[in-house]
Amino acid sequence: MQAMQENTWRKSLDRTRRSAFGQILSFLGQSDLSPDYWDNLEAVLVQSDLGPQASQRVLADLRLFASKEGVIKREDLQSALQDLLIESIEPYQPVFADAGPTVILLAGVNGSGKTTTAARLGYRYQLQGKRVLFAAADTYRAAAVDQLQVWGDRLGIEVISGEPGSDPGAVVYSASEAAKSREAEILLIDTSGRMHTSHNLMAELEKVHRVCTRVISGAPHQTYLVIDATTGQNGLSQARFFTEQIGVDAVILAKLDGSARGGVGLAIVQELGLPIAYVGLGEKKEDLLDFNPTAYIKGLISSSRIENC
Ligand SMILES: Nc1nc2c(ncn2[C@@H]2O[C@H](COP(=O)(O)OP(=O)(O)O)[C@@H](O)[C@H]2O)c(=O)[nH]1
Ligand SMILES: [Mg+2]
(Lines give C-alpha, C1' and ligand atoms only; values in the text may rest on other atoms or scores of the structure.)
(Ligands and ions follow the chains in the order given, each with its own letter.)
Protein backbone atom coordinates (compact mmCIF):
# COMPACT_ATOMS: atom_id res chain seq x y z
CA MET A 1 0.00 0.00 0.00
CA GLN A 2 2.73 2.40 1.04
CA ALA A 3 4.88 1.43 -1.95
CA MET A 4 1.91 1.97 -4.24
CA GLN A 5 1.34 5.43 -2.80
CA GLU A 6 4.98 6.38 -3.15
CA ASN A 7 4.81 5.27 -6.76
CA THR A 8 1.81 7.50 -7.44
CA TRP A 9 3.66 10.45 -5.95
CA ARG A 10 6.81 9.63 -7.87
CA LYS A 11 4.92 9.58 -11.13
CA SER A 12 3.14 12.83 -10.37
CA LEU A 13 6.43 14.48 -9.49
CA ASP A 14 8.25 13.18 -12.58
CA ARG A 15 8.46 16.54 -14.28
CA THR A 16 9.53 18.43 -11.17
CA ARG A 17 12.16 15.84 -10.42
CA ARG A 18 13.48 15.97 -13.97
CA SER A 19 13.79 19.73 -13.91
CA ALA A 20 15.59 21.49 -11.11
CA PHE A 21 15.62 18.67 -8.60
CA GLY A 22 17.44 16.40 -11.03
CA GLN A 23 20.38 18.77 -10.87
CA ILE A 24 20.57 18.49 -7.11
CA LEU A 25 21.35 14.85 -7.41
CA SER A 26 24.00 15.27 -10.05
CA PHE A 27 25.59 17.69 -7.61
CA LEU A 28 25.35 15.28 -4.76
CA GLY A 29 27.25 12.86 -6.97
CA GLN A 30 30.41 14.97 -6.89
CA SER A 31 33.02 13.84 -4.47
CA ASP A 32 34.90 17.08 -3.90
CA LEU A 33 33.11 19.04 -1.19
CA SER A 34 34.86 22.38 -1.76
CA PRO A 35 33.29 25.74 -0.81
CA ASP A 36 32.40 26.17 -4.49
CA TYR A 37 30.53 22.92 -4.37
CA TRP A 38 28.28 24.17 -1.58
CA ASP A 39 27.73 27.52 -3.29
CA ASN A 40 26.68 25.78 -6.46
CA LEU A 41 24.41 23.41 -4.59
CA GLU A 42 22.77 26.38 -2.90
CA ALA A 43 22.12 27.97 -6.29
CA VAL A 44 20.49 24.76 -7.52
CA LEU A 45 18.31 24.55 -4.40
CA VAL A 46 17.13 28.12 -4.91
CA GLN A 47 16.29 27.38 -8.55
CA SER A 48 14.30 24.35 -7.45
CA ASP A 49 11.68 26.66 -5.94
CA LEU A 50 12.90 25.98 -2.44
CA GLY A 51 13.37 29.71 -1.97
CA PRO A 52 16.50 31.52 -0.73
CA GLN A 53 15.97 31.35 3.04
CA ALA A 54 15.01 27.72 3.12
CA SER A 55 17.86 26.82 0.77
CA GLN A 56 20.38 28.46 3.08
CA ARG A 57 18.99 26.71 6.11
CA VAL A 58 18.89 23.30 4.51
CA LEU A 59 22.35 23.75 3.09
CA ALA A 60 23.80 24.77 6.46
CA ASP A 61 22.33 21.63 8.02
CA LEU A 62 23.63 19.46 5.22
CA ARG A 63 27.14 20.93 5.52
CA LEU A 64 27.11 20.29 9.22
CA PHE A 65 26.06 16.72 8.60
CA ALA A 66 28.76 16.22 5.97
CA SER A 67 31.53 17.63 8.15
CA LYS A 68 30.45 15.64 11.20
CA GLU A 69 30.14 12.40 9.33
CA GLY A 70 32.92 13.05 6.87
CA VAL A 71 30.43 12.12 4.20
CA ILE A 72 31.19 12.32 0.55
CA LYS A 73 29.08 9.46 -0.73
CA ARG A 74 26.20 10.47 -2.92
CA GLU A 75 23.71 8.04 -1.36
CA ASP A 76 24.48 9.31 2.13
CA LEU A 77 24.11 12.94 1.16
CA GLN A 78 20.92 12.16 -0.69
CA SER A 79 19.32 10.44 2.25
CA ALA A 80 20.56 13.15 4.64
CA LEU A 81 18.97 15.79 2.42
CA GLN A 82 15.74 13.79 2.20
CA ASP A 83 15.64 13.36 5.98
CA LEU A 84 16.32 17.05 6.64
CA LEU A 85 13.50 18.06 4.34
CA ILE A 86 11.03 15.46 5.60
CA GLU A 87 11.73 16.49 9.20
CA SER A 88 11.16 20.13 8.34
CA ILE A 89 7.55 19.44 7.26
CA GLU A 90 4.95 19.41 10.01
CA PRO A 91 2.23 16.82 9.48
CA TYR A 92 -1.23 18.30 9.12
CA GLN A 93 -4.34 17.41 11.11
CA PRO A 94 -7.72 18.75 9.98
CA VAL A 95 -9.86 20.47 12.60
CA PHE A 96 -13.54 19.67 13.08
CA ALA A 97 -16.30 21.41 14.99
CA ASP A 98 -17.08 19.89 18.40
CA ALA A 99 -20.74 19.98 17.51
CA GLY A 100 -22.71 21.03 14.46
CA PRO A 101 -21.39 21.56 10.94
CA THR A 102 -17.69 21.94 10.23
CA VAL A 103 -17.30 24.81 7.81
CA ILE A 104 -14.47 24.69 5.28
CA LEU A 105 -13.64 27.76 3.22
CA LEU A 106 -11.70 27.40 -0.01
CA ALA A 107 -9.83 30.45 -1.26
CA GLY A 108 -7.34 31.05 -4.04
CA VAL A 109 -6.93 32.79 -7.38
CA ASN A 110 -9.04 31.93 -10.42
CA GLY A 111 -8.23 28.63 -12.01
CA SER A 112 -6.17 27.37 -9.07
CA GLY A 113 -8.47 24.39 -8.52
CA LYS A 114 -10.94 25.51 -5.81
CA THR A 115 -14.14 24.13 -7.31
CA THR A 116 -12.55 20.81 -8.24
CA THR A 117 -11.08 20.64 -4.74
CA ALA A 118 -14.46 21.36 -3.13
CA ALA A 119 -15.84 18.42 -5.11
CA ARG A 120 -12.95 16.14 -4.18
CA LEU A 121 -13.20 17.06 -0.48
CA GLY A 122 -16.96 16.56 -0.62
CA TYR A 123 -16.46 13.11 -2.07
CA ARG A 124 -13.83 12.27 0.57
CA TYR A 125 -16.16 13.23 3.44
CA GLN A 126 -19.06 11.44 1.80
CA LEU A 127 -16.97 8.27 1.78
CA GLN A 128 -16.55 8.74 5.52
CA GLY A 129 -20.32 8.69 5.80
CA LYS A 130 -20.65 12.40 6.48
CA ARG A 131 -23.49 14.57 5.23
CA VAL A 132 -21.99 17.29 3.03
CA LEU A 133 -23.33 20.57 1.62
CA PHE A 134 -21.77 22.88 -0.94
CA ALA A 135 -22.07 26.68 -0.94
CA ALA A 136 -21.54 28.23 -4.38
CA ALA A 137 -20.13 31.54 -3.19
CA ASP A 138 -18.38 32.25 -6.48
CA THR A 139 -21.39 34.20 -7.69
CA TYR A 140 -19.33 36.32 -10.04
CA ARG A 141 -19.69 33.99 -13.03
CA ALA A 142 -22.75 31.88 -13.79
CA ALA A 143 -20.43 29.19 -15.13
CA ALA A 144 -18.80 28.87 -11.71
CA VAL A 145 -22.11 28.00 -10.08
CA ASP A 146 -22.91 25.56 -12.89
CA GLN A 147 -19.56 23.85 -12.50
CA LEU A 148 -20.17 23.20 -8.80
CA GLN A 149 -23.75 22.14 -9.56
CA VAL A 150 -22.48 19.53 -12.04
CA TRP A 151 -20.26 18.10 -9.31
CA GLY A 152 -23.12 18.28 -6.82
CA ASP A 153 -25.38 16.31 -9.20
CA ARG A 154 -22.67 13.78 -9.88
CA LEU A 155 -21.92 13.21 -6.21
CA GLY A 156 -25.44 13.64 -4.89
CA ILE A 157 -24.43 16.65 -2.79
CA GLU A 158 -26.81 19.58 -2.45
CA VAL A 159 -25.55 22.96 -3.69
CA ILE A 160 -26.78 26.16 -2.09
CA SER A 161 -26.44 28.99 -4.60
CA GLY A 162 -27.79 32.43 -5.45
CA GLU A 163 -28.39 34.35 -8.64
CA PRO A 164 -25.28 35.12 -10.70
CA GLY A 165 -23.86 38.41 -9.46
CA SER A 166 -25.62 38.16 -6.10
CA ASP A 167 -23.92 38.79 -2.78
CA PRO A 168 -21.64 35.87 -1.81
CA GLY A 169 -22.27 36.76 1.83
CA ALA A 170 -25.99 36.08 1.32
CA VAL A 171 -25.25 32.68 -0.26
CA VAL A 172 -23.01 31.78 2.66
CA TYR A 173 -25.67 32.91 5.10
CA SER A 174 -28.32 30.66 3.48
CA ALA A 175 -25.86 27.79 3.18
CA SER A 176 -24.83 28.06 6.86
CA GLU A 177 -28.49 28.10 7.94
CA ALA A 178 -29.20 25.13 5.67
CA ALA A 179 -26.19 23.23 7.04
CA LYS A 180 -27.54 23.70 10.55
CA SER A 181 -31.15 22.84 9.80
CA ARG A 182 -30.23 19.78 7.72
CA GLU A 183 -27.70 18.66 10.28
CA ALA A 184 -24.93 18.57 7.71
CA GLU A 185 -21.54 17.63 9.13
CA ILE A 186 -19.49 19.41 6.49
CA LEU A 187 -20.18 22.67 4.67
CA LEU A 188 -17.73 23.39 1.85
CA ILE A 189 -17.67 26.99 0.64
CA ASP A 190 -16.37 27.54 -2.89
CA THR A 191 -15.35 31.19 -3.39
CA SER A 192 -14.46 33.48 -6.24
CA GLY A 193 -10.80 34.05 -7.02
CA ARG A 194 -10.96 37.01 -9.35
CA MET A 195 -8.41 39.76 -8.97
CA HIS A 196 -6.45 38.46 -6.06
CA THR A 197 -4.61 41.72 -5.77
CA SER A 198 -7.77 43.75 -5.44
CA HIS A 199 -9.19 45.05 -2.24
CA ASN A 200 -12.67 43.92 -3.36
CA LEU A 201 -11.96 40.23 -3.31
CA MET A 202 -10.37 40.43 0.11
CA ALA A 203 -13.28 42.47 1.44
CA GLU A 204 -15.63 39.86 -0.03
CA LEU A 205 -13.75 36.99 1.60
CA GLU A 206 -13.70 38.79 4.92
CA LYS A 207 -17.44 39.25 4.69
CA VAL A 208 -17.97 35.58 3.86
CA HIS A 209 -15.83 34.78 6.89
CA ARG A 210 -17.84 37.10 9.12
CA VAL A 211 -21.18 35.77 7.93
CA CYS A 212 -20.38 32.14 8.59
CA THR A 213 -18.93 32.97 12.02
CA ARG A 214 -22.17 34.74 12.88
CA VAL A 215 -24.35 31.76 11.94
CA ILE A 216 -22.09 28.93 13.11
CA SER A 217 -19.82 29.54 16.05
CA GLY A 218 -16.15 28.93 15.34
CA ALA A 219 -16.74 28.88 11.57
CA PRO A 220 -14.94 28.68 9.27
CA HIS A 221 -13.14 25.87 11.06
CA GLN A 222 -10.63 25.61 8.23
CA THR A 223 -9.58 28.08 5.58
CA TYR A 224 -7.67 26.34 2.83
CA LEU A 225 -5.70 28.18 0.21
CA VAL A 226 -5.75 26.29 -3.07
CA ILE A 227 -2.55 26.81 -5.06
CA ASP A 228 -1.89 25.74 -8.62
CA ALA A 229 1.39 23.84 -8.31
CA THR A 230 2.31 24.63 -11.91
CA THR A 231 2.80 28.31 -11.06
CA GLY A 232 6.00 27.90 -9.04
CA GLN A 233 7.18 30.96 -7.13
CA ASN A 234 4.03 32.82 -8.09
CA GLY A 235 2.21 30.33 -5.88
CA LEU A 236 4.45 31.38 -3.01
CA SER A 237 3.58 35.04 -3.44
CA GLN A 238 -0.13 34.18 -3.62
CA ALA A 239 0.21 32.20 -0.42
CA ARG A 240 1.94 35.12 1.26
CA PHE A 241 -0.73 37.55 0.10
CA PHE A 242 -3.74 35.49 1.16
CA THR A 243 -2.13 34.62 4.48
CA GLU A 244 -1.59 38.28 5.27
CA GLN A 245 -5.04 39.30 4.10
CA ILE A 246 -7.45 36.65 5.32
CA GLY A 247 -5.51 34.11 7.35
CA VAL A 248 -5.00 30.61 6.01
CA ASP A 249 -4.86 27.39 8.02
CA ALA A 250 -3.31 25.18 5.38
CA VAL A 251 -2.50 24.96 1.70
CA ILE A 252 -3.89 22.55 -0.85
CA LEU A 253 -1.50 22.03 -3.75
CA ALA A 254 -3.58 21.30 -6.82
CA LYS A 255 -2.23 20.09 -10.16
CA LEU A 256 0.89 18.57 -8.69
CA ASP A 257 0.55 15.94 -11.41
CA GLY A 258 2.22 17.24 -14.51
CA SER A 259 3.75 20.25 -12.75
CA ALA A 260 7.44 20.95 -13.28
CA ARG A 261 7.34 23.38 -10.36
CA GLY A 262 6.11 21.06 -7.63
CA GLY A 263 8.95 22.17 -5.37
CA VAL A 264 6.89 25.25 -4.54
CA GLY A 265 5.23 23.20 -1.81
CA LEU A 266 8.54 23.13 -0.01
CA ALA A 267 8.95 26.87 -0.35
CA ILE A 268 5.50 27.46 1.12
CA VAL A 269 6.17 25.17 4.05
CA GLN A 270 9.62 26.62 4.68
CA GLU A 271 9.07 30.30 4.05
CA LEU A 272 5.54 30.78 5.36
CA GLY A 273 5.37 28.00 7.91
CA LEU A 274 2.01 26.87 6.49
CA PRO A 275 1.17 23.19 6.49
CA ILE A 276 0.08 21.42 3.33
CA ALA A 277 -3.15 19.55 3.90
CA TYR A 278 -3.82 17.82 0.59
CA VAL A 279 -2.50 17.57 -2.93
CA GLY A 280 -4.38 17.27 -6.19
CA LEU A 281 -2.93 14.60 -8.44
CA GLY A 282 -5.59 14.72 -11.16
CA GLU A 283 -9.04 16.01 -12.02
CA LYS A 284 -11.17 13.13 -10.85
CA LYS A 285 -13.11 12.94 -7.62
CA GLU A 286 -10.65 10.53 -6.06
CA ASP A 287 -7.55 12.52 -7.02
CA LEU A 288 -7.10 14.45 -3.78
CA LEU A 289 -4.61 12.80 -1.44
CA ASP A 290 -3.47 13.55 2.09
CA PHE A 291 -0.17 15.34 1.90
CA ASN A 292 2.49 12.74 2.58
CA PRO A 293 5.82 14.47 3.39
CA THR A 294 7.91 11.34 2.91
CA ALA A 295 6.38 10.42 -0.45
CA TYR A 296 6.62 14.05 -1.56
CA ILE A 297 10.30 14.50 -0.71
CA LYS A 298 11.24 11.10 -2.10
CA GLY A 299 9.30 11.97 -5.23
CA LEU A 300 11.31 15.18 -5.57
CA ILE A 301 14.69 13.78 -4.70
CA SER A 302 15.56 10.24 -5.51
CA SER A 303 18.22 8.86 -7.71
CA SER A 304 16.68 6.37 -10.11
CA ARG A 305 15.66 7.59 -13.55
CA ILE A 306 16.85 11.12 -13.11
CA GLU A 307 20.41 11.06 -14.42
CA ASN A 308 21.12 13.89 -16.83
CA CYS A 309 17.51 14.87 -17.28
N1 LIG B 1 -4.38 17.79 -13.66
C2 LIG B 1 -5.06 18.39 -12.70
N3 LIG B 1 -5.99 19.31 -13.02
C4 LIG B 1 -6.66 19.93 -12.02
C5 LIG B 1 -6.41 19.62 -10.66
N6 LIG B 1 -7.21 20.41 -9.89
C7 LIG B 1 -7.93 21.17 -10.75
N8 LIG B 1 -7.62 20.89 -12.04
C9 LIG B 1 -8.16 21.51 -13.27
O10 LIG B 1 -7.85 22.89 -13.25
C11 LIG B 1 -8.88 23.65 -13.87
C12 LIG B 1 -9.34 24.76 -12.93
O13 LIG B 1 -9.92 24.17 -11.79
P14 LIG B 1 -11.14 24.84 -11.01
O15 LIG B 1 -11.48 23.90 -9.89
O16 LIG B 1 -12.23 25.22 -11.92
O17 LIG B 1 -10.43 26.15 -10.43
P18 LIG B 1 -11.07 27.41 -9.65
O19 LIG B 1 -11.21 28.52 -10.66
O20 LIG B 1 -10.07 27.76 -8.60
O21 LIG B 1 -12.37 26.97 -9.09
C22 LIG B 1 -9.98 22.67 -14.20
O23 LIG B 1 -9.87 22.33 -15.56
C24 LIG B 1 -9.67 21.47 -13.32
O25 LIG B 1 -10.14 20.26 -13.86
C26 LIG B 1 -5.40 18.63 -10.34
O27 LIG B 1 -5.10 18.31 -9.18
N28 LIG B 1 -4.76 18.06 -11.40
MG1 LIG C 1 -14.23 27.83 -9.32
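This is a predicted model: local features need pLDDT of at least 70, side-chain atom pairs count only at pLDDT 80 or more; totals for chains, interfaces and linings use all residues.
## Helix α7

Helix α7 covers residues 142–155, 14 residues in all.

Which residues of α7 are buried? They are Ala144, Val145, Leu148, Trp151 and Gly152. These residues cover an arc of only 125° around the axis, so they sit on the same side of α7. The face turned away from that buried side carries the exposed residues Ala142, Ala143, Asp153 and Arg154. The cover over the buried residues includes α6, β2 (132–137), β3 (158–160) and β4 (186–191). After α7 comes Gly156, with a positive phi near 70°.

## Around ligand 1

Helix α6 also takes part in the shell around ligand 1. This helix (residues 114–127) gives the most to that shell, with three residues. There are 19 residues around the ligand. Gly113, Lys114, Thr115, Thr116 and Gly280 come nearest. By type, the shell has three nonpolar, eleven polar and five charged residues.

## Two domains

The protein chain is divided into domain 1 (2–91) and domain 2 (102–290). Their C-alpha centres lie 32 Å apart. Domain 1 brings 18 residues to the contact, and domain 2 brings 19 residues.

On the domain 1 side, α1 (2–12), α2 (14–28), α3 (35–50) and α4 (52–69) each supply at least two residues. Helix α2 gives the most, with five residues. The residues of domain 1 that touch domain 2 divide into seven nonpolar, eight polar and three charged.

Notes: Residues are numbered from 1 along each chain as its sequence is written. Chains are lettered from A and ligands numbered from 1 in the order in which they are written. A residue is near a molecule or strand if its C-beta atom, placed from the backbone, lies within 6 Å of it. Helices (H or I, at least four residues) and strands (E, at least two) are DSSP runs, numbered from the N terminus. Ala, Val, Leu, Ile, Met, Phe, Trp, Tyr, Cys and Pro count as nonpolar, Asp, Glu, Lys and Arg as charged, and the others, Gly among them, as polar. Domain bounds come from an automatic or database domain assignment. Two residues are in contact if their C-beta atoms, placed from the backbone, lie within 7 Å. The expected span of a helix is 1.5 Å times one less than its number of residues. A residue is buried if 20 or more other C-beta atoms lie within 10 Å of its own, exposed if 12 or fewer, and partly exposed in between; C-beta atoms are placed from the backbone. The arc is that of the directions from the helix axis to the C-beta atoms.
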